[in-house]
Each structure stands twice: as structure tokens, then as C-alpha cells.
Amino acid sequence: VEVLTTDSPRTAQRVLGELEALRRAMEETAPWLANASAPLRVVVFSGEEEFSRYRINAHSPAYFAGGPGWSVIVMAKVDDAAAASLRHEFIHFLLRSSGRKLPLWLEEGLADALSPLPKSEAARRVRMLREGRLMPWLEVFRAAPGAALYQDWEQARLFYAQSWALTEALIHSAE
């Protein structure tokens, strides 16, 4: 893992610490995932102003991009709120570098379930779903990277909530 930042060296140390802690946790729950390895570059800016021209949508504080022989996580900054995004994107990296080709809903659901979500975000999602705010399941299952739903904050929130809830249900199912 290589960390590039326009922030302080402490930022790079925090990123490496977060990623190592998550990898150790994965060794307990999903060793097949923890053993995935490939080069990863994490780019962390010192704030929103620097990040803005590299932003892929209006609401995402970080993103993962991968290609043959390379992967990168790009982030606006690393603070307590952004650490959850770093962990989420790292799960994307582990899934892709392990050779898994999953439907987007399952990959996003696993990224949220395994990272894991902050309790306040999990509670917000549960509340939203209990209120009956849902996107049609067919849209969830057909969503692809770069889909228009990522540009609409409300649709993105529903997609992530439903993907996470379904993945959690699958993880905790008896079979």
C-alpha cells in the first residue's frame, strides 16, 4: 500500500493503521478476502477544496477505481467520518483483487457490512427502510457502476441501504 497525501505524515500513518486493522479483522471473518493482495495507492487530499476537481459525484467523500495491475482509493481527507469511507473502499479493493466479480448490489452491501458501518448510519438506514422508502428491487439488482442512481443522492441512499440490508440478511441467514 502506498499513501500519497497533501496533508500531514500523520494522515498517511492513520490511513495505514486503519487498513491494517481492517485486514486483521478480515482474517477472522473472511480469510479468503484478507489474503487478497495487489498494489494499492491511496490518495488523500487535505480537504474538499483540493478534492473537488477529482470528485466523481456530489455526495461521495471517497471512491475506489481499479484496473489491470493498479488500484486507487481517492479521498478528500481522513477524519473520523471519512475513516468509514476508507474502510468501505478498501473492501472494494479486497473484493476486486481477490478476483471476485460480484453484482454491484452485493459488492456495495459487502463493503458496508464488512467495513462496518458506523452505528448511527446503520440506524438511519434501518429507520429509512422501516418507513417503507425503497427503490424497486429490480433497479437495485440491475444497477451497474457509473449508474445514474449515483448522481441522485436520494436514489443512492436507497440503493446503499437496500444493498446493505439484503447482504446483512444473507450473512446472518441460517443457510
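**Close-up 1. Aromatic pairs in the predicted model.** Eight aromatic pairs are counted. Rings of Phe, Tyr and Trp (its six-membered ring) pair if their centres lie within 6.5 Å; planes under 30 degrees apart count as stacked, over 60 as edge-to-face and the rest as tilted. The F159 and Y160 ring centres are 5.8 Å apart and the planes stand at 75°, so this pair is edge-to-face. Both residues, F159 and Y160, are buried (under 20% relative accessible area; exposed is over 50%, partly exposed in between; 1.4 Å probe, protein chains only). A single aromatic cluster takes in F45, F51, Y54 and Y63.

This is a predicted model: local features need pLDDT of at least 70, side-chain atom pairs count only at pLDDT 80 or more, and totals for chains, interfaces and linings use all residues. Residues are numbered from 1 along each chain as its sequence is written, and side-chain values use heavy atoms, with hydrogens and water left out.

Close-up 2. Strand 1 (residues 2-5) pairs with strand 2 (residues 41-44) in the parallel sense, over four bridges. Two strands pair if DSSP finds at least two bridges between them. Strands (E, at least two residues) and helices (H or I, at least four) are DSSP runs, numbered from the N terminus. V3 stands opposite V42 of strand 2. Strand 2 also pairs with strand 4 (residues 70-75), again parallel and over four bridges. Here R41 faces V72 in strand 4.

**Close-up 3. The E2–R41 salt bridge.** The structure holds 13 salt bridges, each a side-chain nitrogen of Lys or Arg within 4 Å of a carboxyl oxygen of Asp or Glu. One of them joins E2 to R41, with the closest N and O atoms 2.4 Å apart. The pair links distant parts of the chain: E2 sits in strand 1 and R41 in strand 2, 39 residues apart. E2 is partly exposed at 35% relative accessible area. R41 is partly exposed too, at 39%.

Close-up 4. R96 bridges to E107, the closest N and O atoms being 2.9 Å apart. R96 belongs to helix 4 (residues 80-97) and E107 to helix 5, eleven residues away, so distant parts of the chain are linked. R96 is partly exposed, with a relative accessible area of 38%. E107 is buried, at 4%.

Close-up 5. R125 forms a salt bridge with E121; their closest N and O atoms are 2.9 Å apart. Both residues lie in helix 6, four residues apart, about one turn of the helix. R125 is buried at 6% relative accessible area. E121, at 21%, counts as partly exposed. Salt bridges that share partners join D112, E121, R124 and R125 into one network.

**Close-up 6. The cis peptide bond at P116.** S115 and P116 are joined by a cis peptide bond, with omega about -25°. Most peptide bonds are trans. P116 is placed in the loop between helix 5 (104-114) and helix 6.

**Close-up 7. A nonpolar surface patch.** L134, W137 and F141 form this patch, with about 290 Å² of accessible area together. Areas come from the Shrake-Rupley method with a 1.4 Å probe; for residues, only the protein chains shown count as cover. Patch residues have over 30% relative accessible area and no salt bridge; like charges are joined within 9 Å, nonpolar side chains (Val, Leu, Ile, Met, Phe, Trp, Tyr) within 5 Å. L134 lies in the loop between helix 6 (119-130) and helix 7 (137-142). L134 counts as partly exposed, at 45% relative accessibility.
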